[in-house]
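This report describes selected strand pairings and charged side-chain contacts. The sequence and structure are shown first.

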Amino acid sequence: MNVDRENEDSVQDESLEKIKNIFLSDHQLFCDMGFTAKHIRKGYAELVSPYNPVFTDQNGAMHRGLLVTLADTACGLAVFSALGQFAPIATVDLRVDYADCVGYGQDLEARIHCEFMGRGAAHVRGDVVTTGGGLLSKVVARVSGIFAVNTPGKSFDEDDQEQKK
């Protein structure tokens, strides 16, 4: 069978771009937190949360609650990108092992790989690092998790599909 790799790549690129746009641009919480996708490819997502004093702790560093939300969101994007579609998923287990403190004025960046995709579960792993603020980048947390895939429920792009009908 002759496979048109160029067409296959462009379809995947289009699918990943759609995932990025719907998931981040249309989600009010993620917009409020300033989450942006730095890089998404099949089974991988890099998500950035720029420094925002609204979301800081008493020391002026990004709050750990925001760090966990960023990590969970990046994990979900890595799973969606591995699936290549917005099939319903759910976080089953998310482990965040803190490695170091976030410095004052630093952005956070989650770098997550989907390491395994089964019929019912996906396994993810990655790091959250600090960037900017005039300090060296460093790993501040290690992340691993399990996501249920093919769960009952509404797909993220279901409203988008309905509008096209």
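## Arginine 125 and its partner

Arginine 125 counts as partly exposed, at 45% relative accessibility (buried means under 20% relative accessible area, exposed over 50%, and partly exposed in between, with a 1.4 Å probe and protein chains only). Its side chain meets that of glutamate 115 in a salt bridge (3.2 Å, N to O); the term denotes a side-chain nitrogen of Lys or Arg within 4 Å of a carboxyl oxygen of Asp or Glu. This pair links distant parts of the chain, as glutamate 115 is in strand β4 and arginine 125 in strand β5 (residues 121-131), 10 residues apart. Strands (E, at least two residues) and helices (H or I, at least four) are DSSP runs, numbered from the N terminus.

## Basis of the values

The model is predicted: local features need pLDDT of at least 70, side-chain atom pairs count only at pLDDT 80 or more, and totals for chains, interfaces and linings use all residues. Residues are numbered from 1 along each chain as its sequence is written, and side-chain values use heavy atoms, with hydrogens and water left out.

## Other salt bridges

The structure holds six salt bridges. One of them joins the side chains of aspartate 100 and lysine 138 (3.6 Å, N to O). Aspartate 100 lies in the loop between β3 (89-98) and β4 (107-117) and lysine 138 in strand β6 (residues 138-149), so the pair ties together parts that are 38 residues apart in sequence. Aspartate 100 is partly exposed at 36% relative accessibility, and lysine 138 is also partly exposed, with a relative accessible area of 29%.

Glutamate 109 and arginine 111 form a further salt bridge through their side chains (2.7 Å, N to O). Glutamate 109 is buried, at 3% relative accessible area, whereas arginine 111 is partly exposed at 31%. Salt bridges that share partners join Lys38, Glu109 and Arg111 into one network.

## Strand pairing and backbone angles

Strands β4 and β5 run antiparallel and are joined by 10 bridges (two strands pair if DSSP finds at least two bridges between them). They form a hairpin with three residues between them, and aspartate 107 has threonine 131 in β5 as its bridge partner.

Strands β5 and β6 are likewise antiparallel, with 10 bridges between them; alanine 122 stands opposite phenylalanine 147 in β6. The hairpin of β5 and β6 has six residues between the strands, and glycine 132 there takes a positive phi near 75 degrees. Asparagine 150, in the loop between β6 and α4 (158-164), has a phi near 60 degrees, a positive value in a residue other than glycine.
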